[in-house]
Amino acid sequence: MKIVVLAGGRSTERNVSLSSGAKITDALRAKGHQVVMVDSFLGIDLDNVDNIDDLFTSDQTTSGNYDISDDILTDEAINALRKDGTRGLFGKNVLKVAQAADIVYMGLHGEDGENGKVQAVLDLNDIKYTGSDTLAAGIAMNKSITKQLLLYNHINTAKFVEIKKGQPIPELPFAFPVVVKPTSGGSSVGVTIVHNQDELKKALTDAYRFDNSVLVEEYIGGREFSLGIVNGKALPAIEIVVNNNGWYDFKHKFQPNTETQFVTPPDIPDEIHHKMQEMALKTMNVIGLTNYCRIDFFLKDGELYVIEANTLPGMTPRSLLPQEAEAAGINYADLVESIVEGKMKLYDEK
């Protein structure tokens, strides 16, 4: 197949996406596919390309460098990368190259990539892509809407309050500590655990750098898990253990460190593991996700809480979904190819 891997983009998780995109590209090439990786925000130069199909058979390489910068990117920093001064969602020739492919692999992460905007443009141009559709992606990106759907469908999740920028801080219906996070976003960017009212004010100010709406959640704590679903099959869960009183923030997710350990399959009773898999599948269905996703959990005092749904899980060397697949006997390249084949099957059935 001819495949475009879309990566980079203009979200705060741009650097994570570039790492995922490079690794996905290498894996698909190893499986014999014709692949070109395109930065959706910067685009691709076709001035010296006689035939777009030649891009898919060229010696274009990823850097082979999957390292992720710890820079937290703002809109201003990302916009400055595009030297022609334009500000659109896509860089030059992105759609033109995508239309030449059999399918686009969505290697994007974060708001402009997982919020449905890219999916909508691809739908309007009759371009196939991996992952969930426009509506489901938009719902999953908005943590407030997601949590309301979870609660309505009797899926356990932390209590929360949504605060819009400019609104006064309401009296919280739960005690400190609390978790502050942008309503739309991922990779723990802008997320803070706070212990008093003064810290809350500072955390809100920080979170508003990334979104005009912020969630304040009750702090659950306990043990943290993640569970991937690929083509309707729930993978073994993975437990995330951060030593030295740390938590699973951006650094512990993506930077090499000795404090973070991943345990899969997790050391939990079978009935808890099975319940987690069932909750993950139910969460996926409630939101309307398809093809693949990852659902994150807390386990405290024998009770499971859904944290959030990830429509385009990270595929970096430290990402959780590939480790979960490995525990099920599925290597990285087979995982990536199965995602492509699974979505193509959905298109065929449709």
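Which residue in E6 does Val180 stand opposite? I looked this up before anything else. The model is a predicted one.

**Entry: E5 and its neighbours**

I found that Val180 stands opposite Thr192 in E6. The two strands, E5 and E6, pair in the antiparallel sense, and I noted three bridges between them. I then turned to the pairing of Val180 with E7. There, Val216 stands opposite Val180. Strand E5 covers residues 178-182, and five bridges join E5 to E7, again antiparallel.

**Entry: E4 against E7**

I looked up strand E4, residues 160-164, which pairs with E7 in the antiparallel sense over five bridges. One of the residues I checked was Glu162, whose bridge partner in E7 is Leu215.

**Entry: the sheet as a whole**

I wrote down the strand order as E4-E7-E5-E6, an open sheet of four strands with antiparallel pairing. Strands E4 and E6 (192-194) stand at the edges; each has a single partner strand, so one side of each is left without a neighbour in the sheet. From one strand to the next, I have the twist averaging 25°.

**Entry: helices on the sheet**

Which strands does helix H8 touch? I have H8 (residues 143-152) packing on the sheet and touching E4, E5 and E7. The direction of H8 makes about 150° with that of E4. Helix H9 (residues 197-207) also packs on the sheet, where it touches E4, E5, E6 and E7. For H9 I took the angle against E6, which is about 165°.

**Entry: burial of E7**

Is strand E7 largely enclosed or left open by the rest of the structure? I counted residues 213-218 and found six of the six buried, so E7 is largely enclosed by the rest of the structure.

**Entry: annotated positions**

I next consulted the UniProt record, an unreviewed entry, which lists Glu13, Ser187 and Ser319 under "active site". I followed up Ser319. In the model, Ser319 is found in the loop between strand E13 (303-310) and helix H12 (320-327).

Methods
Residues numbered from 1 in each chain as written. Predicted model: local features only at pLDDT ≥ 70, side-chain atom pairs only at ≥ 80, totals over all residues. Heavy atoms only, no water. Buried < 20%, exposed > 50% of the residue type's maximum accessible area, 1.4 Å probe, protein only. Pairing = 2+ DSSP bridges. UniProt positions renumbered as here; feature names shortened; annotations may be inferred. Axes fitted to C-alpha atoms, helices over the stretch in contact; angles between N-to-C directions. Contact = heavy atoms within 4.5 Å.
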